[in-house]
Amino acid sequence: APRLTWTAVTWPGDPDFNAEAFEAELETIEKLRGNAVRGRELFDRACAPCHDTGIGPATRLLKRKAAQLPRIVRAGEESMPFFSRDKLTDQDVADVQEFVAAQ
């Protein structure tokens, strides 16, 4: 599958997405059951271009932040841009989180 494309923008990026909506979305993601196999496929497409090349922390180091992964993916962190809902769905984020937690 091709790598996922994204545009680096500053959160919130979505003019209708306020802090309250953001917290509600994180709660929604936390309730989803992730699929680690699908999460690996998504990680390879969306995350590995940076995280497996030394630009971002290696996959094995991300496990420490697995619980915060939805917040990091949706809001970004340090030099990492966020991924909006049109690039990774809530289920996609839950799947990637499950994969990372299993590492």
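Author: A residue is called partly exposed when its relative accessible area lies between the limit for buried, under 20%, and the limit for exposed, over 50%. Lys65, at 34% relative accessibility, therefore counts as partly exposed, and this holds in a model that is predicted. Lys65 forms a salt bridge with Glu77, and their closest N and O atoms are 2.8 Å apart. This pair links distant parts of the chain, since Lys65 sits in the loop between helix H3 (59-62) and H4 while Glu77 sits in the loop between H4 and H5, 12 residues apart. Glu77 is itself partly exposed, because its relative accessible area is 30%.

The structure holds eight salt bridges, and another of them brings together the side chains of Arg85 and Glu25, at 3.2 Å from N to O. Here too the pair links distant parts of the chain: Arg85 belongs to the loop between helix H4 (69-75) and H5, Glu25 belongs to helix H1 (residues 19-31), and the two are 60 residues apart. With a relative accessible area of 6%, Glu25 is buried, whereas Arg85, at 39% relative accessibility, counts as partly exposed.

A further salt bridge is the one in which the side chains of Asp90 and Arg74 meet, with 2.9 Å from N to O. Asp90 lies in helix H5 and Arg74 in helix H4, 16 residues apart, and this pair likewise links distant parts of the chain. Asp90 is buried, and Arg74 is buried as well. Taken together, Glu25, Arg74, Arg85 and Asp90 are linked in a network of salt bridges.

Helix H5 also deserves attention for what else it carries. Asp95 lies in this helix, which spans residues 90-101, and Asp95 is buried, with a relative accessible area of 2%. Leaving aside residues up to four places away in sequence, Asp95 touches Arg33, Gly34, Asn35, Ala36, Arg38, Gly39 and Leu42.

A search of the whole structure finds one aromatic pair, formed by Phe43 and Phe99, which are tilted, with 5.3 Å from centre to centre and 50° between the planes.

Terms used
Residues numbered from 1 in each chain as written. Predicted model: local features only at pLDDT ≥ 70, side-chain atom pairs only at ≥ 80, totals over all residues. Heavy atoms only, no water. Helix = DSSP H or I, 4+ residues; strand = E, 2+ residues; numbered from the N terminus. Buried < 20%, exposed > 50% of the residue type's maximum accessible area, 1.4 Å probe, protein only. Contact = heavy atoms within 4.5 Å. Phe/Tyr/Trp six-rings, centres within 6.5 Å; stacked < 30°, edge-to-face > 60°. Salt bridge = Lys/Arg side-chain N within 4 Å of Asp/Glu carboxyl O.
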